[in-house]
Amino acid sequence: MPTTMARALNDGLRAAMERDPKVLIMGEDVGRLGGVFRITDGLQKDFGEQRVLDTPLSESGIIGAAVGLAVRGFRPVCEIQFDGFVFPGYDQIVSQLAKLRYRTQGRVPVPVVVRIPYGGGIGAVEHHSESPESLFAHVAGLKVVTCSTPADAHWMIQQAIVSDDPVIFFEPKRRYWEKGEVDAGSDLASAYPLHASRVVRPGSTLTLATYGPMVKTCLDAAGAAAEEGHELEVIDLRSLSPLDLGPVEDSVRRTGRLVVVSEAPSESSVTSEVAARIQQECFFSLEAPVLRVTGFDTPYPPSRLEDEYLPDLDRVLDAVDRSLAW
Amino acid sequence: MDEPQAWIPTDPRSRPSHDQVVAGLKGVDEGGPELVQLLTPEGERVPDERFDRYAADITAEDLCSLYRDLVLVRRADREGNSLQRQGELGLWVPLLGQEAAQVGSGRALAPEDMCFPSYREHGVAWCRGVDPTELLGIFRGTDHGTWDPVATRFHPYTIVIGNQCLNAAGYAMGQRFESRVGDRDTGEATICYFGDGATSQGDVHEGFVWAAAYDAPLVFFCQNNQWAISVPLDRQTRVPLYQRARGYGFPGVRVDGNDVLACLAVTRWALDECRTGNGPVLIEAFTYRMDSHTTSDDATRYRLADEVELWKLKDPIERVRVHLARRHGVGADFFDAVEAEADELGERMRAFCRAMPQPGPERMFSEVYADASPTVDRQREEYLAYHASFADGEG
């Protein structure tokens, strides 16, 4: 039966908590309310206040206390309510969460997951629609992943929780209520690897590499392009740190063309990294420069302008046309 | 002479004027009427109704042992300073003057208690069984500290000011979640060290909030050494720091940070409170940073020698020595033996430091992640191959 991404995450969290009594959920309003997006709905009722913590309104505290709990042997899963609210916790993420393992040369692992609903498209006020993933992908010691479907959401959250590394888990909030099939009957060990990218639509004309909320946009674009006879290969990167560019390289060696798509601003970003690495690895296969379709290098605009800011099907196809015309 | 009256900010528009005394907001101040002291700077044991019982079992032998720790910790600190001056270390962070605060509180801890230091807690490290040689790599640049934080229950040094207060709060929450709180004898507690400057950081405020919200068994141990590099305490606060605890709903005590016996007694009390479920607690150890902030700093640029001279009279070691000699008849043999032991420690640190190996480039890439990282693995491989290409050229 089709399931929403929100439900798939909820089920995944529940499975992780049942599997390991050291798994805790902590964040603002995650308990009684079930989170502002209801991702943790019902978990406090079933697991108690000591495993699902309604914390003080304090993001540095959420991350900083999670680090201490992890040192004690717990596996905290933190919820940051919205992307733009993570920055009070950024110091703890960068200075402690990311570095404690390296500082102690493996003696003190910090298996903390930080869940962040991110991205735009919901008509929200300032600080509620940002895509800050590149700011985390740049930090050594962190792993950064993002899901694009309910099935990935269900398994990736569980894989992130069993990882001994800190994982920043970006959830595309505008896709929370879209449905997809989840095979919850299979087991975690046989799930698709957390840090592997995946071809989600095969094609031979041009490669689209993307992640998170833009996967659906790119699939829609590929569907439209097919009507004009262009077979676009769409790759969901899934893991932003480390990047798994092997499938992208294989694809570009066949298609000779790459467009990278993301909501985030373009400069010094995940999309910059993909472009740089692909030109390095696939230089002689490229028929056109690597193009990018991204948000702009402005602060996220007032929401009446977000349809202009966010890459959509037409902007993706425009870039596809420019690449093909090169 | 009348005790100076503490300024109480009852009127929200009021500020202390220049002629009003806020006890303990200046380095030249006495600690104020609420300062807990058991051993005066002159070495006299003075009674304290509230805290005497936490020092009642301390024998002359115990005092000798505390004296030994104070002397050895000071020597380790001075050796670190000298090794920096000799070019063996890139930096040293001196604790001179803060030995009693660190040894007194450190010796109050039980082995199962957890400790979160900042970066000046060489004396607490000593009490946790971390050898001074294990601190040297941080300042020589060979590692970030080699002690085992799990076995010693002494967390790595935290250099970003105040971060550790939240990490300690989380750890102490875990102690409570694991039902290690509630019994004086079997309970566990956590202690977190930070300085007066750190009290202006959001993480310290949030640490107070979190520890209070979860009744965490956490002793906040603030060493008020009067200076945050060049900035004096009255730039950080309008009220004495221990009084802030009240606003968070837990007790705060100001102790003479140069009195090892008082620091021991007050910390024992605080740990007891935490173990029995009455945490958190704030202790402000009123002390003084006798040396510069670090070896890269020059304290003569911003503070007067008079102030330092004043604090020399309150030396944490001298008062114990005088007390042992006058009240317990401890003789020169003991003091000489401790001095000889300090010399040995110094020699051992020097020899160890000079023999520390240069880490190889592969160390740069180790333990960034628990799981394999293709990015780091590729960079290691490429860089080591780059290194090896020179070796081939020479051959």
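Helices (H or I, at least four residues) and strands (E, at least two) are DSSP runs, numbered from the N terminus. This is a predicted model: local features need pLDDT of at least 70, side-chain atom pairs count only at pLDDT 80 or more, and totals for chains, interfaces and linings use all residues. Residues are numbered from 1 along each chain as its sequence is written, while chains are lettered from A and ligands numbered from 1 in the order in which they are written.

**View 1. Helix H8 of chain A and what follows.** H8(A) covers residues 214-227. A:Gly229 follows H8(A). The phi of A:Gly229 is positive, near 90 degrees.

**View 2. The buried face of H8(A).** A residue is buried if 20 or more other C-beta atoms, placed from the backbone, lie within 10 Å of its own; it is exposed if 12 or fewer do, and partly exposed in between. In H8(A) the buried residues are A:Met214, A:Val215, A:Thr217, A:Cys218, A:Ala221, A:Ala222 and A:Ala225. Down the helix axis they fall within an arc of 155 degrees (taken from the directions from the axis to the C-beta atoms), so they line one face. An α-helix has 3.6 residues a turn, so residues three or four places apart point the same way. The buried residues of H8(A) pack against strands S9 (198-201), S10 (206-210), S11 (232-236) and S13 (258-261), and against helix H12 (313-324), of chain A.

**View 3. A:Val200 in strand S9.** A:Val200 sits in strand S9 of chain A. A:Val200 is buried, with 20 other C-beta atoms within 10 Å. Contact means C-beta atoms, placed from the backbone, within 7 Å. Leaving out residues up to four places away in sequence, A:Val200 touches A:Val215, A:Leu219, A:Val234, A:Ile235 and A:Asp236. The C-alpha atoms of A:Val200 and A:Asp236 are separated by 6.4 Å, though the two are 36 residues apart along the chain.

**View 4. The side of chain B that touches chain A.** Here 31 residues of chain B are in contact with 33 residues of chain A. Helices H5 (149-152), H6 (163-177), H7 (202-213) and H13 (374-394) of chain B each give two or more residues to this side. The largest share, 10 residues, comes from H6(B). By class, the residues on the chain B side are 17 nonpolar (Ala, Val, Leu, Ile, Met, Phe, Trp, Tyr, Cys, Pro), five charged (Asp, Glu, Lys, Arg) and nine polar (the others, Gly among them).

Conventions
Contact = placed C-beta atoms within 7 Å. Expected span 1.5 Å × (residues − 1).
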